[in-house]
Amino acid sequence: MPRKYLGGSGEALTVWISVAASTVLVFYGYDQGVFGNVLVGQNFLDTMGNPTTAVQGTMTSVYNLGCFFGALSTIYSGDKLGRPRVLLLGSTVIAVGAVIQAASYSVAQMMVGRIIAGLGTGMNTATAGVWQAETSKMRSRGKLVIIQMANCITGFSISNWLTLGFSFAKGSVAWRFPLAFQIFFTALIWCLCPFLPDSPRLLIRKGRYEDAYEVLAALEGHGATVDSPSVKTQFNIIKDVLDREHMNTYTWGQLLTGKGPSGVLRRMILGAWMQAMNQISGINVTSYYMTYVFIHALNISELRARILAAAGSVDYLLFSVLAYFVIERYGRRNVMMTSAAACCTCWVIITIVLALTESDPSHSFQYGAVAVTFFFVFFSSFGMGVLGVPWLYPTEINALEMRTKGASLAMATNWIMNYMVAEVTPSGIANLAWRFWIIWAVICFSFIPITYFFYPETANRSLEDIDRFFDTKPGIFIHRNKIATQLQRPAIYEEEDRRIEGLGEKSVEVSGSEVVEERVEHRDVKSG
């Protein structure tokens, strides 16, 4: 009897997987925003012994070190445990970290709690996107991952409004409750993930063919069974690519030195650097420190800074949702380059007005208003592209056999860059003043030529199409390769699907005129 999943089958099952994966990202977004708002509260600073700016930066950034090691851990645990179980484990680890943070009375205790919570967040963020991508249909994969990122900003917005509300509370509850609230998201994950299927691609890789057939049939919906032609075709396409890759026959040393199958190292680098671009855009200057920036860079009062940060998070959320309508229509490359150009423009204008504020203090209010406006425009510009594309791309670009490991390395890169930004921001604002913002303008501009010259399009392609593209050994520069840059699905991939479908539907003549369908049954190989 096939196993019943939450939502049943077809589109409803895909929606529930998306809800679970998105809840993980709400969780992540909440964690991104909560500590920066806790950090400016006087009761919190007094409880922590009024730490210096440098210690505040370290207390914030050690969370990212935990995330870095948590993401790396999924290189081993991601395939061993499967996607839903990794999310359950990661969410439980975050709850432990939340308890320690909420009960803290010293910087050292707070740092321990931050690192533990980071370990769980790293595991979750390295897994959720892969799970979503591997259980989605080609035409909806990008939109569903973008929904995840919009939910990440939902969590960010919740953290801003919750900390704003609790800032009026007396005593330590103003910061202890927002930190403890992370446990709520752990409970939600436990209500969802135990009742949802693992990735069919992972199941095929592990030789669990019958389970993979059941999951593929459930995802297909509309009455599909394990014997349906569409289910068998999907299975055969995935297995065909896996059989040709044979990644398990190569060591990590061979893969990382370029001696493995064609394009593996290159694809891992493309995914990892795309994640790096997400973090070094300057977004975490605003995510972690928006309230801090408004207070210390623009000289705005604490209450007004909190209100502006909360309002900014709503602006950020709105435009991250709008990305849903452009990610498949215009493709990853165009969306990324346009968004990066807009982000660069925002940083240039912010730099200019902050420099004018320093040279002409009498008009600081007017200049500050312009700066706040373009912080909001930056949120909008980032949310439309540089937010979602870097999270989507590593789940698509890596080889099928290496997708978990590639996504884990990409997320580890994300978190180490995140750590760097969080560590330098308080000191950068204090020591460089308006010059600090030039750095982010230059970096965002660099994303445009990098994406144009090196990154192939992944929209309107199946995950197996991307494997086929790299099998052709394309050159490093792809901007003149039509198959790499065109938005519509290349015809050669549709022809390859038809060829494999034809092989799966071969028939043989039995007893003269009787024709029966030949079915190749895949069984688990058991030893002993």
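## Basis

In this predicted model, local features need pLDDT of at least 70 and side-chain atom pairs count only at pLDDT 80 or more, while totals for chains, interfaces and linings use all residues. Residues are numbered from 1 along each chain as its sequence is written, and side-chain values use heavy atoms, with hydrogens and water left out.

## Overall make-up

The protein has 23 helices and two strands, taken as DSSP runs numbered from the N terminus (helices H or I, at least four residues; strands E, at least two). Of its 528 residues, 56% count as buried, where buried means under 20% relative accessible area, exposed over 50% and partly exposed in between (1.4 Å probe, protein chains only).

Among contacts (heavy atoms within 4.5 Å) with a separation of 6 or more, 81% come from residues 24 or more positions apart.

## Helix α1

Helix α1 spans residues 10–38 and includes Trp16, which at 33% relative accessibility counts as partly exposed. Thr14 is also found in helix α1, but Thr14 is buried, with a relative accessible area of 12%. Leaving aside residues up to four places away in sequence, Thr14 touches Thr135, Leu144 and Leu219.

## Cysteines

With a disulfide taken as a pair of cysteine sulfur atoms within 2.5 Å, the count comes to zero disulfides. Cys67 is buried, with a relative accessible area of 0%, whereas Cys191 is exposed, at 52%.
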